[in-house]
Amino acid sequence: MPRSISSRRKNKWQQASRELSDSVSGLRTSRDLPDGTWSVQNVAGNSQGKIYICPGCGQDLASSTPHIVAWRQSARYGTEVGVESRRHWHSRCFQKFR
């Protein structure tokens with residue numbers, strides 16, 4: 001039987017970015033930092049089982065751990081790119097490096 005040309009799984013890069021409101025423990029805030037204005041959101045741990053890489057320390061960050069999600073408000077190529085480039089940080093790392 002011939003294979004289907006298209007994959008049955010959706011490519012995660014083609015999906016719309018999801019809202020963080022499901023796992024948010026605090027409100028989204030704006031912080032003016034030396035490298036621009038950042039949107040910062042505290043995220044409570046959830047049971048998705050995902051593992052992120054903290055850009056501050058380069059270590060694994062489990063989604064079950066409370067952490068910070070941050071992205072630049074004034075992205076170089078528009079707001080959509082800023083939201084698409086959001087990163088998950090350990091709370092300590094974000095305070096230390098930002």
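**View 1. Val43 in strand β2 of a predicted model.** Val43 has a relative accessible area of 4% and is therefore buried (under 20% relative accessible area; over 50% is exposed and anything in between partly exposed, with a 1.4 Å probe and protein chains only). This residue lies in strand β2; strands are DSSP runs of E with at least two residues, helices are runs of H or I with at least four, and both are numbered from the N terminus. Between the C-alpha atoms of Val43 and Ser64 there are 9.6 Å, although the two are 21 residues apart along the chain. The model is predicted, so local features need pLDDT of at least 70 and side-chain atom pairs count only at pLDDT 80 or more, while totals for chains, interfaces and linings use all residues. Residues are numbered from 1 along each chain as its sequence is written, and side-chain values use heavy atoms, with hydrogens and water left out.

**View 2. The protein chain as a whole.** Six strands and two helices make up the elements of the protein chain. Read from the N terminus, their order is β-β-β-β-β-α-β-α. The protein chain has 98 residues, of which 26% count as buried. Its accessible surface is about 7600 Å², and carbon and sulfur atoms account for 49% of that area (Shrake-Rupley method with a 1.4 Å probe; for residues, only the protein chains shown count as cover). Contact means heavy atoms within 4.5 Å. Of the contacts between residues at least 6 apart in sequence, 49% join residues at least 24 apart.

View 3. Strands pair if DSSP finds at least two bridges between them. β2 and β5 are antiparallel and share six bridges. One of these places Arg72 of β5 as the bridge partner of Trp38. Strand β6 (residues 87-89) also runs antiparallel to β5, with three bridges between them. Here Ile68 has Trp89 in β6 as its bridge partner. Five of the six residues of β5 are buried, so this strand is largely enclosed by the rest of the structure.

View 4. Ser39 has its place in strand β2 and is buried, with a relative accessible area of 6%. Neighbours within four places in sequence aside, Ser39 is in contact with Arg28, Thr29, Val69, Ala70, Trp71 and Gln73.

View 5. Rings of Phe, Tyr and Trp (its six-membered ring) pair if their centres lie within 6.5 Å; planes under 30 degrees apart are stacked, over 60 edge-to-face, and the rest tilted. The count of aromatic pairs is two. Trp38 and Phe94 are edge-to-face, at 6.3 Å centre to centre and 70 degrees between the planes. Trp38 is in strand β2 (residues 36-43) and Phe94 in helix α2 (residues 91-97), so this pair links distant parts of the chain, 56 residues apart. Trp89 and Phe94 have ring centres 5.4 Å apart and planes at 80 degrees, so this pair is edge-to-face as well. Trp38, Trp89 and Phe94 form one cluster. Trp38 is buried; Trp89 is buried at 3% relative accessibility, and Phe94 at 1%.

**View 6. The largest nonpolar core.** Nine residues form this core: Leu33, Trp38, Val40, Cys54, Ile68, Ala70, Trp89, Cys93 and Phe94. Such a core is a set of buried Ala, Val, Leu, Ile, Met, Phe, Trp, Tyr and Cys residues joined through side-chain atoms within 4.5 Å. At least two of its residues come from each of β2, β5 (67-72) and α2.

**View 7. Cysteines without a disulfide.** A disulfide is a covalent bond between the sulfur atoms of two cysteines. The cut-off is a pair of cysteine sulfur atoms within 2.5 Å, and a search of the whole structure finds zero. For Cys54, the closest cysteine sulfur is that of Cys93, and at 3.7 Å it is too far for a bond. For Cys93, the closest cysteine sulfur is in Cys57, at 3.7 Å, also too far for a bond. Cys54 is buried at 1% relative accessibility, and Cys93 is buried with a relative accessible area of 10%.
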